[in-house]
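Here is a set of questions and answers about one structure, a predicted model. Each answer works towards the value or name that was asked for.

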Amino acid sequence: MVSVVTPFNASLFTPNSCLSTAFYGNYREGGTILSILRPDRVCFDTWTSHTLASSAHIIETTRDIKQLVWVEEEAVDAALKAQTRPFGDEFDAFLDTLSTYEPTFIQSDTSLQEVMDNAHHQGGFEVLYRSSKAALLSVDHATAMSIDTLLPRFWKSTLLPTNPVPYVPVPSSRLKHAEQVLANLRFDPVIASIVGNISIPQINNDVRFLTGEDKNSGIVSRHSFSSGARTATAWLKERFEETGATCELKPFLAGFVPNVVCRYPSIRDTTATFILGAHYDSRGSFGSLRAPGGDDDGSGTAALLSIARTIKRKGIKFLSNVELVAFSGEEQGLLGSRAYSRELREANANVTVMIQADMLAYREPGEPPQLGLPDIIGSPIVTQLVANVSAIYSPELHVGFTPRPPGMTFNSLFEIVYSGPQSFHEQGFPATQVFERAGPIADPMYHNSDDVSERIGYDLAQLKSIAKVQFATLLHTAGYKLASVD
């Protein structure tokens, strides 16, 4: 089978194109969005040469493909970038580590070791594609499950699906509700009162439990395979259920802790569902067992809890179904959110809006409090809705948009996603993301074992402000009644 890495073009996925059944996802390479295709020989040979971009890479593999993994250098602030070696040097060192790596769990864990043993680690890897900012690797399954623990700090990995996935643009019909809410958005004093009730001291307590700064939690790491993650799973389920939600633990891959899906049913007969998400797994420094994940993404998870607690305190009932979801497996490549979003698509779920929160609490000293929204990720209508809500209910936030890659138009990227809400948007659901900064990552403790809350730059007030935006968007979009109102 031939593999192709080519710049994304929606015309590749016309209904009569054989490539539409050979799609393995879109991935980022610096300022470029690339599609990975694996057509069979007949499809490839009938694919006219003029359809193939001049910058496309054709890969003829000589070995059996194992698990494909995309690794890329993340966009970080220049001050952080200066602390690292060039990509090529870091990549070569990474390959040296990979060549001698024997997958073992980062903590003592019998159940995980059984998973790793059953994965039949065979060793070896193959570099199928490499550029100055990204690479495509073929590795065995056991290595793929823990490759994030080997990566340099400012890299991330994404496991490709084992089978082709459909390319599913968001249909215009799914955007109509968000468009209506945006068109009619006005200040609501009741909503302002509700979202203002979010408690900073409680957010602080929740973050400290997740990071292990609260010594009663016993959490050292929330890596997706760790005992600390299992502690967090049970704790999150209990906390959400205390607020009146019905929670379900949804396993998606052996060895990983499950997604925690918590639902507040609508008081009306409707299938419409609004989803707020964050990921509760974490990643620490290379070679360290500690991964507190205070900002990434303890902050996003604590924001969900703050919203849930306020739902209970204010006696809120919703006119649409509402789900608060804590995902696992995100540091290994959006595994938990992809599994759940596919489940929802297969069930033909009516998801009206999905907002993913990832890293909300760090504020660079000297910078104002910010809300970073994606320019090219997800649905522009939903992103604009969140921006307008922020201006109304958290005007203290300076809202900015992540710049699009040079030379690429907004329309050409309308259906492209590569982080945050990617999992839902690629299944045809309206989605966007909230982030702590209008620009690249600036947190010096990103993917670091010192990512805790008691440090310079960890701003609980900014975290609350962004949580207010999420909550207000939820209330406007889902509709609500207070318990005291008939």
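Q: At about what angle to β11 does α14 run?
A: In this predicted model, α14 lies across β11, β13, β14 and β17. Taken against the direction of β11, α14 runs at about 165°.

Q: Which strands are the edge strands of the open sheet?
A: The sheet is formed by 6 strands in the order β9-β10-β13-β11-β14-β17, with mixed pairing.

Q: What is the bridge partner of threonine 273 in β13?
A: Strand β11, which spans residues 272-279, and strand β13, which spans residues 321-327, pair in the parallel sense over 7 bridges. Within β13, the partner that bridges to threonine 273 is asparagine 321.

Q: What angle does the direction of helix α10 make with that of β11?
A: Helix α10, covering residues 298-314, packs on the sheet and touches β10 (259-264), β11, β13 and β14. Its direction makes with that of β11 an angle of about 135°.

Q: Why are the buried residues of α6 on the same side of the helix?
A: The buried residues of α6 are Leu175, Ala178, Val181 and Leu182. They lie on the same side of α6 because the arc they cover around the axis is only 110°.

Q: Which elements do the buried residues of α6 pack against?
A: The face of α6 turned away from its buried side carries the exposed residues Ser172, Ser173 and Ala183. The buried residues, by contrast, pack against β14 (350-357), α12 (380-393) and α14 (460-478).

Key. Residues numbered from 1 in each chain as written. Predicted model: local features only at pLDDT ≥ 70, side-chain atom pairs only at ≥ 80, totals over all residues. Heavy atoms only, no water. Buried < 20%, exposed > 50% of the residue type's maximum accessible area, 1.4 Å probe, protein only. Helix = DSSP H or I, 4+ residues; strand = E, 2+ residues; numbered from the N terminus. Arc of directions from axis to C-beta. Contact = heavy atoms within 4.5 Å. Pairing = 2+ DSSP bridges. Axes fitted to C-alpha atoms, helices over the stretch in contact; angles between N-to-C directions.
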